[in-house]
Amino acid sequence: MSMRFHLSLAAASAAFVFALAGCASTSPTQPRASADLEPTRGNQVKGTVRFMQTGSDTVLVTGVITGLKPNSEHGFHIHEKGDCSSGDGNSAGGHFNPTGSAHGKYGASAHHGGDLPSLLADAGGVARVNAEIRGISLASGAANDIAGRGLIVHADPDDYVTQPTGNAGARLACAVIR
């Protein structure tokens with residue numbers, strides 16, 4: 001290999017590193033939060049869910065939840081209070097609803113800010129969530145800020161009709177979004 005090629009390669013590598021460093025310093029850090037789901041009394045459901053602001057009122061929700069019944073569906077909601085102290089998850093209060101909307105299916109009709117897509121467990125009882133949710137935020141002080149709120153996995157599917165809960169049943173796991 002010639003000396004000229006080594007110098008050209010080194011110069012190109014250095015330029016690439018500087019370009020990446022420049023991009024990193026000019027891109028804003030997106031607000032993030034996470035929630036470590038713990039089972040409510042008598043249940044085995046747990047998991048970690050992460051939240052990342054992707055737009056002014058859009059949050060990417062990702063995570064893995066385990067301990068569910070194989071091939072089952074579960075209501076999944078952000079609740080108004082970041083309190084899991086009661087043992088049954090009821091201390092988290094009702095669904096987070098900053099706009100006073102009726103309960104419904106996320107993305108299809110009027111719905112609470114806390115209405116998330118249902119969890120679908122696979123044959124091993126594991127559910128994965130990867131959804132971009134509009135209408136919520138991690139912006140401190142915003143009316144639709146979810147930081148400090150509760151996150152609940154319910155025992156039953158959400159029927160998207162029954163007010164104000166979707167008839168999703170008992171609370172299997174609870175977390176505080178931090």
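Trainee: What is the mean pLDDT of the protein chain?
Mentor: This is a predicted model in which local features need pLDDT of at least 70 and side-chain atom pairs count only at pLDDT 80 or more, while totals for chains, interfaces and linings use all residues. Residues are numbered from 1 along each chain as its sequence is written, and side-chain values use heavy atoms, with hydrogens and water left out. pLDDT is the predictor's confidence in each residue, from 0 to 100. Of the chain's residues, 84% reach 70 or more, and the mean pLDDT is 87.

Trainee: Which are the edge strands of the open sheet of seven strands?
Mentor: Strands are DSSP runs (E, at least two residues), numbered from the N terminus, and two of them pair if DSSP finds at least two bridges between them. The order is β5-β8-β9-β1-β2-β3-β7, with antiparallel pairing. Each edge strand pairs on one side only, and these strands are β5 (76-79) and β7 (127-134).

Trainee: How many bridges pair β2 and β3?
Mentor: A hairpin through two residues joins β2 to β3. In β3, threonine 58 is the bridge partner of glycine 55. β2 and β3 (residues 58-66) are antiparallel, and the number of bridges is nine.

Trainee: Which glycine in the turn between β1 and β2 has a positive phi?
Mentor: β1 (residues 32-39) and β2 (residues 46-55) run antiparallel and are joined by six bridges. In β2, glycine 47 is the bridge partner of leucine 37. The hairpin has six residues between the two strands, and the turn residue with a positive phi, about 85 degrees, is glycine 42.

Trainee: Is histidine 112 buried or exposed?
Mentor: Histidine 112 is in the loop between β5 and β6 (119-120). Its side chain makes a polar contact with that of histidine 95 at 3.2 Å; such a contact is a pair of N or O atoms within 3.5 Å, where within protein one must be able to donate a hydrogen and the other to accept it, and residues adjacent in sequence count only if both atoms are side-chain atoms. Buried means under 20% relative accessible area, exposed over 50%, and partly exposed in between (1.4 Å probe, protein chains only). Because its relative accessibility is 3%, histidine 112 counts as buried.

Trainee: Which histidine side chain makes a polar contact with the side chain of histidine 154?
Mentor: Histidine 154 is in strand β8 (residues 150-154) and counts as buried, at 4% relative accessibility. A polar atom of its side chain also lies 3.0 Å from the backbone oxygen of glycine 169. The side chain that makes the polar contact, at 3.3 Å, is that of histidine 79.

Trainee: Which residue does a cis peptide bond join to glutamine 163?
Mentor: The residue is in the loop between β8 and β9 (171-176). Omega of the bond is about -5 degrees, and the residue joined to glutamine 163 is proline 164.

Trainee: What is the phi of tyrosine 160?
Mentor: Tyrosine 160 is in the loop between β8 and β9 and counts as partly exposed, at 21% relative accessibility. Although tyrosine 160 is not a glycine, its phi is positive, at about 60 degrees.

Note on methods. Helices (H or I, at least four residues) and strands (E, at least two) are DSSP runs, numbered from the N terminus.
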